[in-house]
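Thanks for coming. I will go through one structure today, starting with a sheet, then a pocket, then some aromatic rings.

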Amino acid sequence: EHDRLVSGDDIRISLFDLRHEIPDTFLLPATAAAELVKFDIVEYALMESWIFFGTDDGIIFCSRIVVDEYPDVTEFFEMKEGITMKLPSEFKDSINTVYPMADGDFDIDKQIEISITKNALKCRSDGASGWAETAIDIHDGVPDLTFKVNPVFLSEVLSKETTATHEPGKLLILSGKLKHLMSLVV
């Protein structure tokens with residue numbers, strides 16, 4: 001579709017609703033997208049298997065595009081029996097506090113445990129160096145729930161007022177115009 005950005009990998013899928021439609025669809029490699037977000041892009045142009053982005057400062061960023069069709073991922077965002085709660089503003093700080101103790105050579109390998117009860121939201125990580133745990137008082141009335149999740153990816157999407165819906169095996173985060181679906185470690 002021309003009114004949203006979609007990205008994904010083996011662990012997560014994100015949908016972002018754009019303010020304005022763009023006339024073209026294209027697949028940009030993740031490595032190029034990671035660099036592109038560092039610039040304030042004001043225009044773009046497509047030419048065969050290349051895309052060019054421009055800034056007001058005259059910077060031109062170019063990348064090859066992937067010539068393929070991105071799969072429709074909207075079905076994965078349907079939550080039929082989920083438990084929804086508003087996430088407290090301190091949640092991101094809690095994740096970032098326990099994250100350094102999580103085992104894993106790379107960010108993608110790391111996991112923390114999230115436990116939710118009617119009175120507390122806890123973040124815990126265990127690793128070879130030790131463990132860390134934080135607790136936030138909540139009074140959301142959600143059923144008890146425990147799952148493991150990648151702390152880096154979860155922290156990245158917690159910048160605005162956020163709600164989360166959990167179903168077995170997946171967590172849907174809604175933050176402003178961003179819908180972020182994460183696969184959970186079971």
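In what order do the four strands of the open sheet come? The order is β9-β8-β7-β10, with antiparallel pairing. Before going on: this is a predicted model, where local features need pLDDT of at least 70, side-chain atom pairs count only at pLDDT 80 or more, and totals for chains, interfaces and linings use all residues. Residues are numbered from 1 along each chain as its sequence is written, and side-chain values use heavy atoms, with hydrogens and water left out.

Some terms. Helices (H or I, at least four residues) and strands (E, at least two) are DSSP runs numbered from the N terminus. Two strands pair if DSSP finds at least two bridges between them.

Strands β7 (residues 112–116) and β8 (residues 120–127) pair in the antiparallel sense over four bridges. S115 stands opposite K122 in β8.

Next, the pocket. A pocket is an open set of points on a 1 Å grid over the protein atoms alone, where a 1.4 Å probe fits, with protein on both sides within 12 Å along at least five of seven lines; lining residues have an atom within 4 Å of a point. The largest pocket holds about 2100 Å³ of space, where a volume is the space filled by probe spheres set on the points, which are joined across faces, edges and corners. It is lined by 46 residues, and the closest to its centre are L5, V6, S7, L28 and A33. Strand β2 gives the largest share of the lining, six residues.

Last, the aromatic rings. Rings of Phe, Tyr and Trp (its six-membered ring) pair if their centres lie within 6.5 Å; planes under 30 degrees apart count as stacked, over 60 as edge-to-face and the rest as tilted. There are five aromatic pairs in the structure. Why is the pair of F26 and Y44 tilted? Because the planes are at 50°, with the ring centres 5.7 Å apart. F26 lies in the loop between β2 and α1 and Y44 in strand β3, so this pair ties together parts 18 residues apart in sequence. F26 also forms an edge-to-face pair with F53, at 6.2 Å centre to centre and 65° between the planes.

F53 counts as buried at 6% relative accessibility, whereas F26 counts as partly exposed at 26%. Buried means under 20% relative accessible area, exposed over 50%, and partly exposed in between (1.4 Å probe, protein chains only). Finally, F26, F39, Y44, F53 and F61 form one aromatic cluster.
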